[in-house]
Amino acid sequence: MKQYVTAGPGAIIFSVAAAILMIAATALFIPPIRSSVEFGTCLSLPLDWLTSQSAFLFNSFLIAIAVVGAFFLNKKFSFVKGSDVLLPVTLCILLSSNPANTSCFSTSIIMLIVNLICLDIMMRSYCSSNATTQMFAVATYLSVGSMIEYAFLPLMLVYPVMAIMTKVLRLKEILAFLMGLVAPYWVALGFGIVGFDDFRLPEFLTVMPDTGADLMIFVYVSLGIMALISLIMTLNNALLFYSGNTRVRTLNNIINLLGITCALCMLIDFGNFEAYTSTFCFASAVQMANFFAIRHIPRSRFWFWALMSLFILIFILSLL
């Protein structure tokens, strides 16, 4: 499959500069977008040890970690063909242009980083004859995550499906996954970190976050446009991947599955939608980057930056 370069090294400088400006503008002009129902099954994210300013800076640092992590994940497994910088540039713009990802420190970016780690494990175990350790590790990450944010719970159903897609799910892997889910709770109860009275059921609410309605309209519009463009590009990419490398197609499919899950969760768990936005941005960035990487498009640089400028423009409008 022929490769075409749409974004060069200069794109990294531009995207990083744009991201810094958008994040700075968010800090100055946009109130934090935080759900009132954000909690885990037995713990909550310990935010009281961070001031609002340090929490914002820490979240920005985690965004940088996620973009770099996505770059190295793709460099290792090549699920986006073409230029190495196309995925991180796209992800950098998508993450920083939506205040739901950047306005405060929440579990959204943490969930993305955990998913990048779990995807790395799943991709490494592709067609492995013994993936018990890998499945146990993935389940442990998700289980610990669910303690501080119940949004991790749907992912416990998604990763076994990924294991089927990567041809590693057998009886011993199922048992290892279940043990990984139980182990963190067993340890937390055994050491007295939590008690049975600390457990609570998730609250899938449809209440909007307590933020300005005008701002939230732009946040939802940005995510809606992202979902529509991702769907169109995913369907187009699937036609080319179908006749291509089976491994690359499978790796893209498990990322698509993750993105679809986050999109559905944002609709069902609307009151806590921002928890899923960063991971959804990653899945969308993969499909957008692939769209320009695997086909020859006249003036592809122009169309790529026109697409990125659309999300930047929506962000600018949210400031007005």
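This is a short tour, in questions and answers, of a predicted model.

Visitor: Why is N252 called buried?
Guide: Look at its relative accessible area, which is 1%. Buried means under 20%. The value of 1% falls under that cut-off, so N252 counts as buried.

Visitor: Where is N252 found?
Guide: N252 is found in helix α10, which covers residues 246-268.

Visitor: What makes the pair of N252 and V248 a polar contact?
Guide: A polar atom of the N252 side chain lies 3.0 Å from the backbone oxygen of V248. The cut-off is 3.5 Å, and 3.0 Å is within it.

Visitor: Which residues does N252 touch, leaving out those up to four places away in sequence?
Guide: They are F79, F241, V286, Q287 and N290. To touch here means to have heavy atoms within 4.5 Å.

Visitor: Now to G40. Why is G40 called buried?
Guide: The relative accessible area of G40 is 0%. Buried means under 20%, so G40 is buried.

Visitor: Where does G40 lie?
Guide: G40 lies in a loop. The loop runs between α1 (9-29) and α2 (52-77).

Visitor: How far apart are G40 and R200 in sequence and in space?
Guide: In sequence, G40 and R200 are 160 residues apart. In space, they are 7.9 Å apart, C-alpha to C-alpha. R200 is also one of the residues that G40 touches. Others on that list include S146, M147 and Y150.

Visitor: How do you know where empty space is left?
Guide: A probe the size of a water molecule is rolled over the atoms, and this shows where empty space is left.

Visitor: How many cavities of 30 Å³ or more does the structure hold?
Guide: The structure holds 1. The largest cavity has a volume of about 40 Å³. Both α9 (213-242) and α12 (300-319) give two or more residues to its lining. Among the lining residues are L215, F218, F311 and I314.

Visitor: What makes up the lining of the largest cavity, by residue kind?
Guide: The lining has 7 nonpolar residues, 4 polar and no charged. Phe counts as nonpolar, so F218 and F311 belong to the nonpolar group.

Visitor: What is the volume of the largest pocket?
Guide: The volume is about 320 Å³. Of the 17 residues that line this pocket, V16, A64, V67, V68 and C92 are the closest to its centre. Two or more lining residues come from each of α1, α2 and α3 (86-96).

Visitor: How do the residues of the pocket lining divide?
Guide: They divide into 14 nonpolar, 3 polar and no charged. Val, Ala and Cys count as nonpolar, so V16, A64 and C92 fall in the nonpolar group.

How values were computed: Residues numbered from 1 in each chain as written. Predicted model: local features only at pLDDT ≥ 70, side-chain atom pairs only at ≥ 80, totals over all residues. Heavy atoms only, no water. Helix = DSSP H or I, 4+ residues; strand = E, 2+ residues; numbered from the N terminus. Buried < 20%, exposed > 50% of the residue type's maximum accessible area, 1.4 Å probe, protein only. Polar contact = N/O pair within 3.5 Å; in protein donor to acceptor, adjacent residues only side chain to side chain. 1 Å grid on protein atoms, 1.4 Å probe; cavity = no way out; pocket = protein on both sides within 12 Å on 5 of 7 lines; lining within 4 Å. Points joined across faces, edges and corners; volume = space filled by probe spheres on them.
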